[in-house]
Amino acid sequence: MYTIKAAALPCNSADLTNLTKEELAYEYQAKIMAILSNQHSELDYLDFGYQLNQVIEEAQGRGISEKDLKVASGLLKVA
């Protein structure tokens, strides 16, 4: 039999509604880099993924695509 540990998703996430496109792009980049750093616990990665999803949803709600976030953050170069 397996024992499962669960943690509640963060309820006190930052309010993203007042951020500009550039600030959303910075948050997107910060979350991606934190996930790629491979220096955190599994629960931290779940938290970063949750926060990244919130940034993407907020941007899409404003008509900003994930590709636009990648370009604005410098993670994707467009020729």
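I take helices (H or I, at least four residues) and strands (E, at least two) as DSSP runs, numbered from the N terminus.

I am working with a predicted model, where local features need pLDDT of at least 70, side-chain atom pairs count only at pLDDT 80 or more, and totals for chains, interfaces and linings use all residues. Residues are numbered from 1 along each chain as its sequence is written, and side-chain values use heavy atoms, with hydrogens and water left out.

**Overall fold.** I found three helices and zero strands in the protein chain, running α-α-α from the N terminus.

**Burial.** I call a residue buried under 20% relative accessible area, exposed over 50% and partly exposed in between (1.4 Å probe, protein chains only). By that cut-off, 22% of the 79 residues of the protein chain are buried. In α2 these are Phe48, Gln51, Leu52, Gln54, Val55, Ile56 and Ala59. Their cover includes α1 and α3 (66-73).

**Core.** My term nonpolar core means buried Ala, Val, Leu, Ile, Met, Phe, Trp, Tyr and Cys residues joined through side-chain atoms within 4.5 Å. The largest one has 11 residues, among them Leu16, Tyr28, Val55 and Leu69. Both α1 (21-36) and α2 (42-61) give two or more residues to this core.

**Valine 55.** Which residues does valine 55 touch, not counting those up to four places away in sequence? I listed Leu16, Leu24, Glu27, Tyr28 and Leu69, with contact meaning heavy atoms within 4.5 Å.
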